[in-house]
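Trainee: Hi! Could you walk me through this one? I'm new to it.
Mentor: Happy to, let's bring it up.

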Amino acid sequence: MADRVILTIGTKKGVFVADAAKPRRTFTLRGPFGPGVPVYSTLIDTRGTPRLYASSCNPFFGMKVLRSTDVGKSFKETKAAPAFPKEDGRALANIWALEAGSGKKDLWCGVEPASLFRSQDGGDSWELVPGISNHEHARKWQPGNGGLCMHTIIRDGSRVHLGISTGGHYVSEDGGATFRASNQGVGAGFAPDPYPEFGQCVHKIARHDAAPGRLYMQNHGGWADWTGPGGPRPDIGVLRSDDYGRSWQSIAKGLPSDFGFPIVVHPHSADTVYVMPLEPATRSCPGGAPAVWRSENGGGSWNRLARGLPKKQSYFTVLRDAMDIDRLKTPALYFGTTTGQLWMGREGGEQWDCLFDSLPPIHNVKVAVV
Amino acid sequence: MGPTPTITIHVPGPLRTYCGGAAQLSISAQTVRDALEDLQRSQAALYRNVCDETGKVRRHLNVFVNSDNVRDLNGVDTLLTAGDVVTILPAVSGG
C-alpha cells in the first residue's frame, strides 16, 4: 500500500482508522479497535515500516497501549503500558501523548498525572523520565478540567518541549535529562499572579520542523474581563515564541476569542498557523458557527475559514489533539468534534467537507501519508 | 491460624485473555489481600488489570466475596474461608 493518506481517530469508544488514496476523494473507515474505551492519543509512526499506536484508557482495567503493524487493519496491546514505580505513590490515570523518538523504536509518552515515559522497544516496556516526572514543580501542578495531563511532546535534537495542563511549558536542552519551566509571557487567568513561573494551563504547542526556534501555543485564554486581583488578562490565549520557547508574545489580536484547544502549523510554511477559537464558557465556536482561523504571517493577522462548515446552531468542541494537517503539496486540514464528526478542509482549510458524521465523540485526530 | 483456605477467583470475561483464558483460578489465601498478592506473583498481567501501581484495587472495579462486596466487609483484609468465591466485576458506571 503506497502513498495512502492515513487518519487515526481516537474516540470515546475506541480508535478508528481511515485511509484514502492521495487525491483524498474517498476515505474508507475501519474500527472501532480496542475494548470500547476512550482513546486520547494516537501516533502514526512512519519511521521504517509504518506502525500505528493508540492509547486505550480503560477506566475499569487501567491504561494500555495498542499497536498496529498492518497500517490499522488490526491492533494488539503492547507487552506493557507506562506505570509508575510502586514506591512513587502515583498511579497512571490516562495516556495523553505518544510521540516518536530518535531511535527506530524509541517512543515518548505523556501521561496523567503529568509525567513522561520513554520506550526503547516500540512500546513493550517503559521507563519513567525523572527529569520532568520528579521535577521540583511536579507535586505543585494542579489538574485542569481534563486532568493533570502532559499532552504535548515536541523534540528537536536534544531539545524537548513539553506542554502540561496545568503546569505550563517546560524545555530540556539535554535530551530530557533535565527540564526548566519556560513561561515568560505565558499568562494564567486563574491565579492572582497573571504571569507565574509555572502552572499555566497550556492547551497545545506546535512547531514547524524546519523552524525549530518558532513555536506557537494555544493557552487557556478567555480572561479579558477578569476583574479580580491582577486585573484583566486579554489575549493571553494564543502566543508565539521566536526563541525556542524562552519568551512568548500574544498573537491573539484579530481572533474572535483567544480561547481554544488545538493549534496546528502548516507543513510547508512556518508562518502559517491554524486555531479554532471557542467561547470560553461553552467551548463551542462563537455564534454557533464553526470556523478555523488561519494566519499566514505568524499571527500578525487572521482569516476565517468556514466554507462548507455549518453556518449556525453548531455547538461542538474541538479538543486539543483533534486537529491535524497532512503533508501533501496542497495540504488538507482535519478536525474531529465532540459530536462525532470528522471534517476535512481541502486546500489548507479553504473548503470543508464532513467525512464521517456519526462517530463517537472524537478526542484525537492524526494524519500521515504512508 | 488454621491451614490456608483454598478459594476460587472468578475472572470476568474481558480479563481472561490475561490469564490464559481461565474463567476461574484456584488459590490459597487467608484474606482478599493475600489473594491479590498471589495474583501479583502468579498472574502478573491479570493483576495489573485489577490493581494499580500503588497496589490499590482499581477505582471502577468491585471485589465480592461470595455475594458481598468487600467494601461492606473488611475491604481487602476480609478473611476468606475454604470454598469462598472471590468475584472481580467492573462497576456499573458512566453512560
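Mentor: One term before we start: a residue is called buried if 20 or more other C-beta atoms lie within 10 Å of its own, exposed if 12 or fewer, and partly exposed in between. Also keep in mind that this is a predicted model.

Trainee: Good to know. Which residues of helix H1 of chain B are buried?
Mentor: H1(B) spans residues 32-42, and its buried residues are B:Val32, B:Ala35, B:Leu36 and B:Leu39. They sit on the same side of H1(B), because they cover an arc of only 95 degrees around the axis.

Trainee: Why would residues with that sort of spacing point the same way?
Mentor: An α-helix has 3.6 residues a turn, so residues three or four places apart point the same way.

Trainee: And what covers the buried residues of H1(B)?
Mentor: The cover includes helix H2 (44-50) of chain B, along with strands S1 (6-10), S2 (24-28), S3 (61-65) and S5 (85-90) of that chain.

Trainee: Where is B:Tyr18 found?
Mentor: B:Tyr18 is in the loop between S1 and S2 of chain B. This tyrosine touches B:Ala45, B:Leu46 and B:Asn49, leaving aside residues up to four places away in sequence. B:Tyr18 and B:Asn49 are 31 residues apart in sequence, yet their C-alpha atoms are 8.5 Å apart in space.

Trainee: How exposed is B:Tyr18, then?
Mentor: B:Tyr18 counts as partly exposed because 19 other C-beta atoms lie within 10 Å, and the cut-off for buried is 20 or more.

Trainee: How much can I trust the prediction for chain B? What is its mean pLDDT?
Mentor: The mean pLDDT of chain B is 93, and 96% of its residues reach 70 or more. For the model, ipTM is 0.84 and pTM is 0.94.

Trainee: Let's switch to chain A. In what order do the 4 strands of its open sheet come?
Mentor: The order is S3-S2-S1-S28, with antiparallel pairing. At the edges are S3 (28-33) and S28 (362-369) of chain A, each pairing on one side only. Neighbouring strands in this sheet are turned by 15 degrees against each other on average, direction ignored.

Trainee: How many bridges join S2 and S3 of chain A?
Mentor: There are 4 bridges between S2(A), residues 14-21, and S3(A). In one of the pairs, A:Asp19 has A:Thr28 as its bridge partner.

Trainee: Now the backbone. Where are there cis peptide bonds?
Mentor: One joins A:Gly31 and A:Pro32, and A:Pro32 lies in strand S3 of chain A. Another joins A:Glu112 and A:Pro113, with A:Pro113 in the loop between S9 (107-112) and S10 (115-119) of chain A. As background, most residues other than glycine have a negative phi, and most peptide bonds are trans.

Trainee: Which residues other than glycine have a positive phi?
Mentor: Among them are A:Val71, with phi near 55 degrees, and A:Gln313, also with phi near 55 degrees. A:Val71 lies in the loop between S6 (62-68) and S7 (76-77) of chain A, while A:Gln313 is in the loop between S23 (303-305) and S24 (323-325) of chain A.

Trainee: Is A:Gln313 buried or exposed?
Mentor: A:Gln313 is exposed, because it has 8 C-beta neighbours inside 10 Å. A:Val71, with 18 other C-beta atoms within 10 Å, is partly exposed.

Methods
Residues numbered from 1 in each chain as written. Chains lettered and ligands numbered in written order. Predicted model: local features only at pLDDT ≥ 70, side-chain atom pairs only at ≥ 80, totals over all residues. pLDDT = per-residue confidence, 0-100. Pairing = 2+ DSSP bridges. Helix = DSSP H or I, 4+ residues; strand = E, 2+ residues; numbered from the N terminus. Axes fitted to C-alpha atoms, helices over the stretch in contact; angles between N-to-C directions. Arc of directions from axis to C-beta. Contact = placed C-beta atoms within 7 Å.
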